[in-house]
Amino acid sequence: MPDFMSTLMDRAPRREARSASAELSTDDQVEAVLPASGWRAMVRGARGCCPRCGQSRLFRRFLKPIDQCGRCGQDWSLQRADDFPAYVSIFVTGHLMAPIIIALINADWLSTAALGAVVVTLSLALLLATLQPAKGAIIALQWWFGMHGFKRS
Ligand SMILES: [Zn+2]
């Protein structure tokens, strides 16, 4: 089973080993409570929190992650999410909007201009709402798997 798919019970002994070996001995860094699974790290990232400690913000601007976590010291400048968050956001938006568009097209009471306005507005709102969580989750995923210069701690 891939490491990402393991449950909390599967990972418990390994998590303790990770916590014990974490290099967080400096005075200004707080002992990080590492996520129990890749899913947990992704949820932290999707919520805009540091995937490693979950106690600090991950983004300093809308899509600009912080360089280093102020709580646990994790270096986030190593992330390379690139265009993948946009692809995820488009995928989610498309699948959520498809039934709405089909339902609205079948509505006789809605003009074409009104249909276009509703669809464009909802699509843009969904894209903007899902873009930052998608980026946070992907950064967390890259960190969890030790991709792009991230070291597995
Ligand atoms: Zn942190």
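Analyst: **A helix and its surroundings**

Just after helix H2, Gly 48 takes a positive phi of about 85 degrees. Residues here are numbered from 1 along each chain, as its sequence is written. The model is predicted: local features need pLDDT of at least 70, side-chain atom pairs count only at pLDDT 80 or more, and totals for chains, interfaces and linings use all residues.

The setting comes first. The secondary structure comes to four helices and zero strands, and along the sequence the pattern reads α-α-α-α. Helices (H or I, at least four residues) and strands (E, at least two) are DSSP runs, numbered from the N terminus. Of the 153 residues in the protein, 26% are buried. A residue is called buried if 20 or more other C-beta atoms lie within 10 Å of its own, exposed if 12 or fewer, and partly exposed in between, with C-beta atoms placed from the backbone. Among contacts between residues at least 6 apart in sequence, 54% join residues at least 24 apart; a contact requires C-beta atoms, placed from the backbone, within 7 Å.

The buried residues of H2 are Gly 38, Ala 41, Met 42, Arg 44, Gly 45 and Ala 46, and they pack against H4. Two packed helices are described by the angle between their axes and the distance between the axes. For H2 and H4 (residues 112-145), the axes come within 7 Å and cross at roughly 145 degrees. These axes are lines fitted to C-alpha atoms, for helices over the stretch in contact, and the angles run from 0 to 180 degrees between N-to-C directions.

The partner helix H4 has 34 residues and reaches 47 Å from its first C-alpha to its last, close to the 50 Å expected at 1.5 Å a residue; the expected span is 1.5 Å times one less than the number of residues. H4 bends by about 30 degrees at Leu 131, and Pro 133, a proline, follows within four residues. Such a bend is the angle between axes fitted to the seven residues ending at a residue and the seven starting there. Just after H4, Gly 146 takes a positive phi of about 70 degrees.

Asp 82 has a positive phi of about 50 degrees although it is not a glycine. Asp 82 counts as exposed because it has 11 C-beta neighbours inside 10 Å. In H3 the buried residues are Pro 85, Ser 89 and Thr 93, and what covers them includes H4.

Methods: Two residues are in contact if their C-beta atoms, placed from the backbone, lie within 7 Å.
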